[in-house]
Amino acid sequence: MTEQNARLGILLMMATTLVFAIQDGLSRHLAGEYNVYMVIMIRYWFFAAFVLSVSSRKAGGLRAAARTEQPLLQSFRALLLVTEICILVLAFTILGLVETHAVFASYPLLIAALSGPVLGEHVGWRRWTAIGIGFVGVLIILQPGITVFEPAAILPLIGALMFALYGLLTRYAARRDTAATSFFWTGTVGALGMTCVGLWFWEPMAAADWGWMSALCLTGVLGHFTLIKCYEVAEASAVQPFAYLQLVFISIIGVVIFGETIRTNVAVGVAVVVGAGLFTLWRQRKVG
């Protein structure tokens, strides 16, 4: 990988985190006004259309993209991701963007912790130590026993666990399927599953909010496009640390647009979680 490719990959990852932060801000706004399932369903319709468009342009077309020997695994992955998104957007409306993402930032640590039992990978004592320190950071954010514990605070932790499992199953599926196949199943099965749920919660949307919904769908497509391009030009290990920039962008959107505040314990906890996450990424790259 050339230095130029690495630089381009980092810029694309930074652009991706900004787009996804904007997407989360739009999701919070719309889910605060309308049913979460309906909002995610419409978003997934556009995502599925994007997936079908991309897949049809590749060699072999849609038939090649859909071909898999592990349809149950691919379907489970897709439904796991769309369920995680619903949980996270619900958390946005209850806890806000800043606190939801502060806890959700622990997902790389969960991936490291679960990579042993799920994928059979070796996790050394240094990474286990970092994982433990990272979860101390999560406890600092949640403050159990210090204040009245908000039951909804467990939502982003459940979302992080589900997203970590989704990431690991994606790596497991990659042993037999191409990335294009996994991408196809993620979009199409996710849209089908969400439609089965979301149609029951359909409600009229104001004309102005259809504009916001269009922006949400476009950011979803744009974010996935820049992420795909990012991984095409650079190694994941080189760009992954920059994914934490989403926390910065989310905090700015949460504070400036939604009037959220960043409590001291959240800032300290996030610093611990991110530091531990960066260490596990560094160790994974060094060992790998």
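In helix H9, 15 of the 20 residues are buried, so H9 is largely enclosed by the rest of the structure. Buried means under 20% relative accessible area, with exposed over 50% and partly exposed in between (1.4 Å probe, protein chains only). H9 covers residues 179-198; at 1.5 Å a residue it should span 28 Å, and its end C-alpha atoms lie 27 Å apart, which agrees. The expected span is 1.5 Å times one less than the number of residues in the helix.

This is a predicted model, in which local features need pLDDT of at least 70, side-chain atom pairs count only at pLDDT 80 or more, and totals for chains, interfaces and linings use all residues. Residues are numbered from 1 along each chain as its sequence is written, and side-chain values use heavy atoms, without hydrogens and water.

The protein chain holds 13 helices and zero strands. Its radius of gyration is close to the value from the globule rule for 288 residues, so the chain is as compact as a globular protein of that length. The radius is taken over C-alpha atoms, and the rule is 2.2 Å times the number of residues to the power 0.38.

| Property of the protein chain | Value |
|---|---|
| Radius of gyration | 19 Å |
| Globule rule for 288 residues | 19 Å |

Of the 288 residues, 50% are buried. Among contacts (heavy atoms within 4.5 Å) with a separation of 6 or more, 89% join residues 24 or more positions apart.

Conventions
Helices (H or I, at least four residues) and strands (E, at least two) are DSSP runs, numbered from the N terminus.
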